[in-house]
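Subject: Structure handover

Hello,

Here is the structure for you to take over. My notes on what was found in it follow below.

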Amino acid sequence: MIFVTVGSQMPFDRMVSAIDLWAERTKPDADIFAQIGDSQYRPRAMRYTKALTPAEFSQTVAQADVIVAHAGMGSVLTGMELGKPLVLMPRRGDLQETRNDHQIATAHWLAQRPGIFVAEQDEDLPAALAAAQAASKGSAAISPYASPDLLAAVRQFILHAP
């Protein structure tokens with residue numbers, strides 16, 4: 001299953017419509033399910049819901065083969081914790097999808113990790129989806145906790161700060 005999520009804060013019609021159009025054109029073997037938030041666009045070629053509870057979201061991510069998301073850290077971290085291949089389509093400030101282009105910077109930084117593929121433009125989506133589907137697994141699952149080295153450094157800083 002391909003799970004598409006726009007996050008919980010803002011609609012993302014460009015991503016939802018781009019994936020729906022891809023699904024309509026390619027008729028993929030994979031089932032597609034989208035969490036579309038307050039999108040005005042209503043998908044025709046994939047199942048969708050407006051919102052999921054946190055438990056439903058986690059369960060859907062766990063069942064998915066590929067995650068397609070905006071470059072929001074909640075979606076990214078959840079996918080990475082389960083080692084899922086991620087396709088990131090960052091929201092763009094110039095299109096008023098977000099306040100600025102921080103998601104573009106985040107997506108470019110994350111693209112260096114195994115299992116993360118970026119579709120900055122609508123036309124990049126088919127290649128990013130194909131690469132993610134071909135990946136047998138995303139990057140190795142990350143821990144939901146800070147590393148012991150980071151915790152030790154923070155503890156050292158706090159306890160020995162001037």
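In these notes, buried means under 20% relative accessible area, exposed means over 50%, and partly exposed is in between, with a 1.4 Å probe and protein chains only. This is a predicted model, where local features need pLDDT of at least 70 and side-chain atom pairs count only at pLDDT 80 or more, while totals for chains, interfaces and linings use all residues. Residues are numbered from 1 along each chain as its sequence is written, and side-chain values use heavy atoms, with hydrogens and water left out. Helices (H or I, at least four residues) and strands (E, at least two) are DSSP runs, numbered from the N terminus.

Strand 1 and its partners

Strand 1 pairs with strand 2 in the parallel sense over 4 bridges; two strands pair if DSSP finds at least two bridges between them. Strand 1 is also joined by 4 bridges to strand 4 (residues 66–69), and these two run parallel. Val4 has Val68 as its bridge partner in strand 4, and Phe3 stands opposite Phe33 in strand 2. Together with helix 1 (residues 13–26), strands 1 and 2 make a right-handed β-α-β unit. Right-handed means that, with the strands pointing away from the viewer, the path from the first strand over the helix to the second runs clockwise.

In a regular strand the side chains alternate between the two faces of the sheet. In strand 1, Ile2 and Val4 point one way and Phe3 and Thr5 the other, and all are buried.

Aromatic pairs

The structure holds 2 aromatic pairs. Rings of Phe, Tyr and Trp (its six-membered ring) pair if their centres lie within 6.5 Å; planes under 30 degrees apart count as stacked, over 60 as edge-to-face and the rest as tilted. Phe3 and Phe33 are stacked, because their ring centres are 6.2 Å apart and their planes are at 15 degrees. This pair links distant parts of the chain, as Phe3 in strand 1 (residues 2–5) and Phe33 in strand 2 (residues 32–35) are 30 residues apart. Phe3 counts as buried at 0% relative accessibility, and Phe33 counts as buried at 12%.

The pair of Phe3 and Phe57 is edge-to-face, with 5.6 Å centre to centre and 65 degrees between the planes. Phe57 lies in helix 2 (residues 54–63) and Phe3 in strand 1, so the pair ties together parts that are 54 residues apart in sequence. Phe57 is buried too, at 16% relative accessibility.

Ser75 is found in helix 3 (residues 73–81) and counts as buried because its relative accessibility is 8%. Leaving aside neighbours within four places in sequence, Ser75 is in contact (heavy atoms within 4.5 Å) with Thr5, Phe57, Ala69, His70 and Leu86.

Pro28 lies in the loop between helix 1 and strand 2 and counts as partly exposed, at 24% relative accessibility. With its neighbours within four places in sequence left aside, Pro28 is in contact with Trp22 and Ala23. Pro28 and Ile2 are 26 residues apart in sequence and 9.9 Å apart in space, C-alpha to C-alpha.

Regards
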